[in-house]
Amino acid sequence: MITAIGGVQLFGIADALWRPSILHHGQHKVLLHRTVLTTLILGLFLLTDIQHFKFNIPMIGVGILSGVIAGVGLYFLVKAFSLETTTNVLFLNVFTLLIAQLFSFILFEESIQWKYYPIQIGLSILTVFYFNGFDFKLRKGLLYGLLASLCFGIAYPLAGVPIKEIGFKTTIFIQEITILSMFLCFGYFMKKIKIDFKIYLDIKILALSTLSAIAVILFFYSYTVLEIYKVNLISNFHPVGGMIVSIILFNERLTKYQILGIVSSVFVLASIVVI
């Protein structure tokens, strides 16, 4: 459980670094260069245990599929951070939890208590309304955040399938190199970005990349020692670290609607834990 909590908090801290990095360098440049470095770190991590590598084509295929979905989610997440405050985007994680919970039940053939889902969904929708300032026209940034939540809610439990067969080190490397390949292809065809190693002189980019890689390692290792639904529950605490870092280091201030949204998201988590 310690590894799950540690991974989740590092995810939150890393997420707090997205917005200032994007505002300075641009979203496509940050996305590519962050993923180059995380892939390198995860590749070196895999080499430490390469003797236990298992070549299983179906499971590698599932890992690639998980990577594609996560890559799309990461793109939406970065779009959200470019348009919304860090706190607004992070606390949309309640939807990641809901979707991951539902998808885990379906994927691993566990029973679903459907009668409780309207409570969780209702509270989650209320959270979005708070962050949207009670405007019924959803802002683009929040929409991208919700799309990211949908993708991550599917990708995380899906990665649990190959982890059981080929190990978490192989799975996270396959997922990350898939994401990198997607962004390299996107950059090539759109002619938007090229590799620029000078960007790594920015401490925020180095911290974002390194913390993301360590968070992925700790988080997916947790899938090997805890039930997937428990890891998904713990993951809902990841906005805490990100919000604290955003307020202290980057001077983000909470509005009254954001405070109400945070309270609402806490009730979502509480209802899920109780149920």
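Is Arg-139 buried, partly exposed or exposed? Arg-139 is partly exposed, at a relative accessible area of 31%. Here are my notes on the rest; bear in mind that this is a predicted model.

1. **Overall make-up.** Of the 275 residues in the chain, 52% are buried. Take the contacts between residues at least 6 apart in sequence: 86% of them join residues at least 24 apart.

2. **Salt bridges, the count.** Searching the whole structure turns up three salt bridges. I go through them one by one below.

3. **Arg-34 with Glu-176.** These two side chains meet in a salt bridge, 3.2 Å from N to O. The partners come from distant parts of the chain: Arg-34 sits in helix α3 and Glu-176 in helix α9 (residues 168-190), 142 residues apart. Buried or exposed? Arg-34 is buried, with a relative accessible area of 7%, and Glu-176 is buried too, at 3%. Both values fall under the 20% cut-off for buried.

4. **Arg-139 with Glu-84.** Back to the residue I opened with. The side chains of Arg-139 and Glu-84 form a salt bridge at 2.6 Å, N to O. Arg-139 is in the loop between α7 (117-131) and α8 (140-166), while Glu-84 is in the loop between α4 and α5 (86-90), so this pair ties together parts that are 55 residues apart in sequence. Glu-84 is buried, with a relative accessible area of 5%, whereas Arg-139 is partly exposed at 31%.

5. **Asp-202 with Lys-204.** Here the closest N and O atoms are 3.4 Å apart, and the pair forms a salt bridge. Asp-202 is buried, with a relative accessible area of 12%. Lys-204, at 23% relative accessibility, counts as partly exposed.

6. **A lysine worth a look: Lys-79.** This residue lies in helix α4 (residues 57-83). What is the nearest side chain of opposite charge to Lys-79? That side chain is Glu-84, and it is 13 Å away. A salt bridge needs the nitrogen and oxygen within 4 Å, and Lys-79 has no salt bridge even though it is buried. Glu-84 does have a salt bridge, with Arg-139. Which residues does Lys-79 touch, leaving aside its neighbours within four places in sequence? They are Gln-27 and Tyr-144.

7. **How α2 meets α3.** Helix α2 (residues 18-25) packs against helix α3 (residues 27-47) at an angle of about 120 degrees, and their axes are 7 Å apart. That angle makes α2 oblique to α3. On the α2 side, the contact is made by Trp-18, Ser-21, Ile-22 and His-25. The α3 side brings Gln-27, Lys-29, Val-30, Leu-31 and Arg-34. Two of these names have come up already: Gln-27 is in contact with Lys-79, and Arg-34 is in the salt bridge with Glu-176.

8. **Helix α6.** This helix (residues 93-107) has 15 residues. From its first C-alpha to its last it reaches 20 Å, close to the 21 Å expected at 1.5 Å a residue. The buried residues in α6 include Asn-93, Val-94, Phe-95, Thr-96, Leu-97 and Leu-98. Further along α6, Ala-100, Gln-101, Ser-104 and Phe-105 are buried as well.

Methods
Residues are numbered from 1 along each chain as its sequence is written. This is a predicted model: local features need pLDDT of at least 70, side-chain atom pairs count only at pLDDT 80 or more; totals for chains, interfaces and linings use all residues. Side-chain values use heavy atoms; hydrogens and water are left out. Helices (H or I, at least four residues) and strands (E, at least two) are DSSP runs, numbered from the N terminus. Buried means under 20% relative accessible area, exposed over 50%, partly exposed in between (1.4 Å probe, protein chains only). Lys and Arg count as positive and Asp and Glu as negative; His and the chain ends are not counted. Contact means heavy atoms within 4.5 Å. The expected span of a helix is 1.5 Å times one less than its number of residues. Axes are lines fitted to C-alpha atoms, for helices over the stretch in contact, and angles run from 0 to 180 degrees between N-to-C directions. Angles under 35 degrees count as roughly parallel, over 145 as roughly antiparallel, 65 to 115 as roughly perpendicular and the rest as oblique.
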